[in-house]
Amino acid sequence: MRNLLALLLFTAVAPAAEKVVDPLAGLDARELHNRGTQRLAEGDLAGAEEALRASLGRDVDALRPPALHNLGHVRFGKGKEGLGGRTSGDVTELSIARSYLEAADADISDMKDQIELLDKAKAEGREPDYVPATAALGGGINTYRTIKKLIPKEEAMVTKRGGVIALWTRSVGDFRGAHELDAADAQGKANADAVEELLRALRRETTALEETIEAQRKKLEELRDVIRELVKRIPDDKLPPEAESGEEEEDEDFLPPERRKPKPRSGSDKKGEEGKEEKMTEQEARGSLEGLKNEFGRKMPTGQQDGKGGSGGKPKDKKGKDY
């Protein structure tokens, strides 16, 4: 009963949850259209879209054509924002992706040439010249790692462009819908044609970027195979530093397991594993002996009993604070 009374009192005192009021709920179709048009002029695309869609929801035929026309501008503007204020994709993105494909082809050709030269020298009983082979290997590994890091960024670009394509597709539909409902809206038709042309170009660029990403994936496999073949022919002391994995987790180690150097251990890892014997260095052994010598050579403090710390007798009374 007592707990129930407390619960009832709490319920009575607790303030009622505030209801979320839709600021557009009380506006009619024309007020919503005017608000959406004003927000569009102010650059508030999200607010403009919300108001214009609400106006269309009121189902007033006379206001549908202008609302659709303005929605076409809103969605085109949002897509343009997605491209960083441009009306087309950045062609440099595709150019960079293709340039690394060309670099990979050049590196593969160089490394294959070095494999052939090394094999020929060994077959003839000559000491191979590892300097150009090492340089070719380092270049191939750098290209491999650059492309591997580039692909996720390029995929993000494709995803972003996909969002723009969806917005511009709706923009074309809005403009065409406005013209179909009002044949006098010649500007709506012109806008639809213009956005559709931009849309075709963006789709072409995006498709080309997707194809280039797929080509990069295949080229990575080819690069990896040639790199590993060249690594087999170069002694450990001649390998470039790029052959081992770097500090970043995604860096690939191209050396076979038996040729990989043990990574330096952190301070916490220096202790031997449990149950595993580790030999002490001479310096560590001397330090331990000196410590033992000091430990057993010193006198026990007066009054210590049974090996326990502290002075003999009762502990001194200390005046503590009153709390």
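Q: How many helices and how many strands are there in the chain?
A: This is a predicted model, and in it the chain has 8 helices and 0 strands, so that the elements read α-α-α-α-α-α-α-α from the N terminus on.

Q: What is the mean pLDDT of the chain?
A: The mean pLDDT is 80, and 71% of the residues in the chain reach 70 or more.

Q: And which elements have the lowest and the highest mean pLDDT?
A: Helix H1, residues 2-13, has the lowest mean pLDDT of the elements, at 40, whereas helix H4, residues 64-82, has the highest, at 96. Where pLDDT is low, the predicted coordinates should not be read in detail.

Q: Switching topic, where is valine 195?
A: Valine 195 lies in helix H7, which covers residues 186-232.

Q: Is valine 195 buried or exposed?
A: Valine 195 is buried, because its relative accessible area is 5%, which falls under the 20% cut-off.

Q: Which residues is valine 195 in contact with, leaving aside neighbours within four places in sequence?
A: Valine 195 is in contact with Phe76, Trp168, Ser171, Val172 and Phe175. As for tryptophan 168, its C-alpha is 6.8 Å from that of valine 195, although the two are 27 residues apart in sequence.

Q: Back to the whole chain, what share of the residues is buried?
A: Buried residues make up 32% of the 323 residues, while the chain exposes about 22200 Å², with carbon and sulfur atoms supplying 53% of that area.

Methods: Residues numbered from 1 in each chain as written. Predicted model: local features only at pLDDT ≥ 70, side-chain atom pairs only at ≥ 80, totals over all residues. Heavy atoms only, no water. pLDDT = per-residue confidence, 0-100. Helix = DSSP H or I, 4+ residues; strand = E, 2+ residues; numbered from the N terminus. Buried < 20%, exposed > 50% of the residue type's maximum accessible area, 1.4 Å probe, protein only. Areas by Shrake-Rupley, 256 points an atom, 1.4 Å probe, with all protein chains shown as cover. Contact = heavy atoms within 4.5 Å.
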